[in-house]
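Subject: Structure handover

Hi,

My notes on what turned up follow below it.

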Amino acid sequence: MSSLEQRLQALGRELAFPPEPDLAANARVTTRSFPWRWVALAAAIIALAAAFAVPSARTSILRFFHIEGATVERVETLPPAQERSNAGGLGRRVSVREAERLLGFRLLLPPLAAEPPAYVLDGELASVILRVDGRPVLLSEYAARDFGLLKKSVGEKTLVEPVRVAGWPGLWVEGPPHTLTYFSESGEFRQRTVKIHGNVLLWTHGPVTVRLEGRISKAQALRIAREIG
Amino acid sequence: MVDRPLDEAELVERARRGDLEAWETLVRTYQGIAFRTAYVLAGNASDAEEAAQDGFVKAQRALGRFRRGSPLRPWLLRIVANEARNRRRSAGRRERLALRAAAGSRPGGAVPSPEAALVAREDQERLLAAVELLPDGHRDAIACRYFLDLSEEETAAALGVRRGTVKSRLARALARLREDLEEDT
């Protein structure tokens with residue numbers, strides 16, 4: 001090491017750093033700010049629900065549930081949020097075939113009398129609206145590799161139950177509103193937290209993560225999921 | 001019976017399974033270097049604290065993707081530093097690094113004369129000013145590698161660049177500093 005390098009090292013020991021915060025004490029109580037950088041994808045996710053912007057949140061994390069590409073965490077209190085309209089947030093309307101071309105994989109769909117339109121946002125997320133007993137149910141799919149992490153936060157009263165869908169691992173989330181957040185692979189903010197009012201079945205099918213969301217029962221959701229494969 | 005302390009790999013495994021105490025232990029271990037790294041990159045204490053806090057939150061949530069057997073520190077620093085760089089980009093200007101207030105004698109060290117102490121301090125201030133005048137990429141490389149004593153691998157992780165880029169930036173930065181300081185070593 002040269003004398004200049006040694007001088008720089010010595011200089012580092014003389015620098016005035018601010019007092020070190022006790023981050024460990026806050027490990028259970030996390031503070032996050034959510035800049036409005038990536039609103040479109042989240043809007044697509046919540047076509048059946050309301051979208052919420054979260055300027056900051058203090059959340060005590062109680063328990064984690066994992067499946068490939070997704071985490072559900074139970075928290076004491078859901079992030080505070082402001083409701084806003086999400087009309088038209090599903091993305092570009094295309095044919096199923098075009099959606100498959102854009103996403104690079106074959107969409108998993110139940111048998112349908114007629115092919116529904118698909119909606120694609122940023123070439124990463126495809127959504128199809130199904131009708132189950134006359135009610136709309138949102139089916140969303142993405143390649144797990146395209147999202148570093150999908151996180152759902154649920155309150156204490158929300159049921160989270162591990163399930164198997166045709167042998168694949170999944171989670172059934174039922175109960176009061178819960179939130180959904182995406183993170184990018186690099187951990188950068190490429191995310192938005194939104195509030196979901198319906199029940200959700202989330203499962204993986206190979207490299208694809210599939211979500212069913214709507215006012216449906218667990219039996220209905222599992223029936224659709226089994227039809228999907 | 002005395003419990004043995006858990007090693008890092010065990011703590012990571014426990015944290016992956018949702019053990020918050022294990023995660024807190026890991027945070028406590030690395031919060032100092034994470035905060036200082038965020039500080040030199042973000043340029044102010046409040047952004048640095050927020051970046052470190054958010055970085056640890058994201059790291060906790062991404063533990064499932066952490067490669068078993070890898071050192072945790074560079075991985076954590078990469079996430080925290082990424083947060084810090086984002087904040088600096090959005091905040092624009094950053095505060096300059098500063099020397100601590102002149103202290104008295106160090107424990108176990110020889111006491112310099114007042115004149116010698118003054119010369120040494122002026123020398124340090126001149127060196128620090130020269131570092132702060134470097135282009136951002138070079139200045140950050142110097143700060144991470146020498147001020148924070150990060151390894152080359154950790155410096156690369158913190159700056160989000162390849163190790164070779166760190167080497168070249170350091171070489172150019174040192175050459176520039178030698179020029180500025182008219183040093184011939």
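In chain A of this predicted model, helix α3 (residues 96-103) lies across β6, β7, β8 and β9 (135-143). The helix runs at about 25° to β7(A). Helix α4 (residues 218-228) of chain A lies across another set of strands: β8, β11, β12 (168-174), β15 (199-205) and β16 (208-214). For α4(A), the angle of about 25° is to β15(A).

Now the sheet itself. It is open and has eight strands, in the order β6-β7-β8-β9-β16-β15-β12-β11 of chain A. The pairing is antiparallel. Which strands stand at the edges? They are β6 (92-94) and β11 (159-165) of chain A. Each has a single partner strand, so one side of each is left without a neighbour in the sheet. From one strand to the next, the twist averages 25°.

One pairing in detail. Strands β7 (residues 118-121) and β8 (residues 125-132) of chain A run antiparallel and are joined by three bridges. A:Tyr119 has A:Ser127 in β8(A) as its bridge partner.

Next, a contact between the chains. Two packed helices are described by the angle between their axes and the distance between the axes. Helix α1 (residues 3-13) of chain A packs against helix α6 (residues 136-147) of chain B at about 80°. Their axes are 8 Å apart. An angle from 65 to 115 degrees counts as roughly perpendicular, and α1(A) and α6(B) are therefore roughly perpendicular to each other. From α1(A), the residues involved are A:Glu5, A:Leu8, A:Gln9, A:Leu11 and A:Gly12. They meet B:Ile142, B:Tyr146 and B:Phe147 in α6(B). By class, this contact has five nonpolar residues, two polar and one charged.

On to chain B as a whole. Its secondary structure is eight helices and zero strands. Along the sequence the pattern reads α-α-α-α-α-α-α-α. The chain has 185 residues, and 39% of them are buried. Take the contacts in chain B between residues at least 6 apart in sequence: 66% of these join residues at least 24 apart.

Helix α3(B) deserves a look. It has 17 residues. From first C-alpha to last it reaches 24 Å, close to the 24 Å expected at 1.5 Å a residue. Of those 17 residues, 15 are buried, so α3(B) is largely enclosed by the rest of the structure.

Two loop residues in chain B are also on my list.

- B:Leu63 sits in the loop between α3 (45-61) and α4 (72-91) of chain B. Is B:Leu63 buried or exposed? The cut-off for buried is 20 or more other C-beta atoms within 10 Å. B:Leu63 counts as buried because it has 21 C-beta neighbours inside 10 Å. Setting aside neighbours within four places in sequence, B:Leu63 is in contact with B:Val12, B:Ala15 and B:Arg16.

- B:Asp149 lies in the loop between α6 and α7 (152-159) of chain B. Most residues other than glycine have a negative phi. B:Asp149 is not a glycine, yet its phi is positive, about 60°. B:Asp149 is partly exposed, with 14 other C-beta atoms within 10 Å.

Best wishes

Methods:
Residues are numbered from 1 along each chain as its sequence is written. Chains are lettered from A and ligands numbered from 1 in the order in which they are written. This is a predicted model: local features need pLDDT of at least 70, side-chain atom pairs count only at pLDDT 80 or more; totals for chains, interfaces and linings use all residues. Helices (H or I, at least four residues) and strands (E, at least two) are DSSP runs, numbered from the N terminus. A residue is buried if 20 or more other C-beta atoms lie within 10 Å of its own, exposed if 12 or fewer, and partly exposed in between; C-beta atoms are placed from the backbone. Two residues are in contact if their C-beta atoms, placed from the backbone, lie within 7 Å. Axes are lines fitted to C-alpha atoms, for helices over the stretch in contact, and angles run from 0 to 180 degrees between N-to-C directions. Angles under 35 degrees count as roughly parallel, over 145 as roughly antiparallel, 65 to 115 as roughly perpendicular and the rest as oblique. Ala, Val, Leu, Ile, Met, Phe, Trp, Tyr, Cys and Pro count as nonpolar, Asp, Glu, Lys and Arg as charged, and the others, Gly among them, as polar. The expected span of a helix is 1.5 Å times one less than its number of residues. Two strands pair if DSSP finds at least two bridges between them.
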